Amino acid sequence: MIRWSGIMISFHPLFVIIMLASVITGHFVELITLFAIVFIHEWGHVAAARWFGVNVISVQMLPFGGVAVMEDTTFLNAGREIIIAVAGPLQNGLLIGLAWLLHVFGLWDGPFYEYFVQGNILIALFNLLPVLPLDGGKIAHSLFSIIFPYHSSLVWSLRISILFSLFVIGYALFPLLLQNGVLQLNLLLIGSFLLYSNYVDYRNIPYRFMRFLMNRDRSFSHHLLHGSLAQPIIADKVQPLEHILRLFKRDKYHFIYVMNRQGKIIAVLPEQKVIYTFMKGGPAA
């Protein structure tokens, strides 16, 4: 475990074992190159997150890649979260561009140059799959949260992630159906990990949604500072509070207009009031 620039950098035990095995099998240079690319990719996320004031806790190097662990980012607007997600693949684009320049000027050529470029393309494209917690999954979720209420965006982005995780597993198993096909074990393990991770997250949607609500105060500060327009939500006075909260959009501030059965407005509530009442156990508007 190493601390660099205030961020803990840790290595999974299996990562260390794989690196030692690569020395024995003669693939150390190829593997260390791939993990160096992954490390630079993750550092792109770190730089963007810090730019927006997000606390980055650690960078973890795992057997199948890496991850930048940061505090909850639901207080950020969707645009900033997309920028943080894109910053990783952008590093791969920059590395490819740098390698290409060296190649054009005759300073780098041969099989290792091709391996380096292909490695960057592979890592960037794989991370752009619309599967959480990959970058593509975060981008898709952020885009959904612009159009749909936050709760719906969470539900559907996780359902899509589960679907694509199954596609990854199916793609890994597909060669077995062919004559002389070889099982893609690495892809099968990654797909299984993604499927398990998204299944657990899907079951934990209520907790993730509560975290979103608890961060609304930080979003309110942003709306207040920038003078955002409030978006109204019309609610029946007997409507459960949870149903009203599920209509909240990530980048919007809401006023809730409570109507009686005659269609008359009987109260106008700021969203903080509804959230506070819900947290205290209130049943309806």
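This is a predicted model: local features need pLDDT of at least 70, side-chain atom pairs count only at pLDDT 80 or more; totals for chains, interfaces and linings use all residues.
Student: How many bridges join E2 to E3?
Tutor: Strands (E, at least two residues) and helices (H or I, at least four) are DSSP runs numbered from the N terminus, and two strands pair if DSSP finds at least two bridges between them. E2 and E3 run parallel, and the number of bridges joining them is four.

Student: In which sense, parallel or antiparallel, do E1 and E2 pair?
Tutor: Trp4 has Ile7 of E2 as its bridge partner. Three bridges link E1 and E2, and the sense of their pairing is antiparallel.

Student: Which residue takes a positive phi in the hairpin of E1 and E2?
Tutor: Most residues other than glycine have a negative phi. Two residues lie between the strands of this hairpin, and the one with a positive phi, near 55 degrees, is Ser5.

Student: Which strands are the edge strands of the sheet that holds E1 to E4?
Tutor: The sheet is open and mixed, with its four strands in the order E1-E2-E3-E4. Its neighbouring strands are turned by 20 degrees against each other on average, direction ignored, with axes fitted to C-alpha atoms and angles running from 0 to 180 degrees between N-to-C directions. Pairing on one side only is found for strand E1 (2–4) and E4.

Student: Why is one side of E5 and of E7 left without a neighbour in the sheet?
Tutor: The three strands of this open, mixed sheet follow the order E5-E6-E7, and the twist averages 25 degrees from one strand to the next. Strand E5 (230–236) and strand E7 (265–270) stand at the edges, so one side of each has no neighbour, because each has a single partner strand.

Student: Which residue in the turn of the E6 and E7 hairpin has a positive phi?
Tutor: Strand E6 (residues 253–259) pairs with E7 in the antiparallel sense over five bridges. Val258 stands opposite Ala267 in E7, and Phe255 stands opposite Pro270. Five residues lie between the two strands, and the turn residue with a positive phi, of about 85 degrees, is Gly263.

Student: What distance separates the centres of domain 1 and domain 3?
Tutor: An automatic or database assignment sets the domain bounds, giving domain 1 (1–128), domain 2 (133–215) and domain 3 (228–280). Taken over C-alpha atoms, the centres of domain 1 and domain 3 are separated by 43 Å.

Student: Between which domains does the largest pocket lie?
Tutor: A pocket is an open set of points on a 1 Å grid over the protein atoms alone, where a 1.4 Å probe fits, with protein on both sides within 12 Å along at least five of seven lines; lining residues have an atom within 4 Å of a point. Of the 50 lining residues, the closest to the centre are Gly66, Val67, Pro133, Leu134 and Phe193. Elements giving two or more residues to the lining include helix H2 (28–51), strand E4 (65–70) and helix H7 (185–203). Because both contribute to the lining, the pocket lies between domain 1 (1–128) and domain 2 (133–215).

Student: Which residue is joined to Leu132 by a cis peptide bond?
Tutor: Most peptide bonds are trans. Here omega is about 5 degrees, and the partner of Leu132 in the cis bond, placed in the loop between H4 and H5, is Pro133.

Student: How far apart are the end C-alpha atoms of residues 82–103?
Tutor: The unreviewed UniProt entry lists this span as one of its "transmembrane region" annotations; such annotations may be inferred rather than shown by experiment. The chain over residues 82–103 is 100% helix and 0% strand, and its end C-alpha atoms are separated by 32 Å.

Note on methods. Residues are numbered from 1 along each chain as its sequence is written. Side-chain values use heavy atoms; hydrogens and water are left out.
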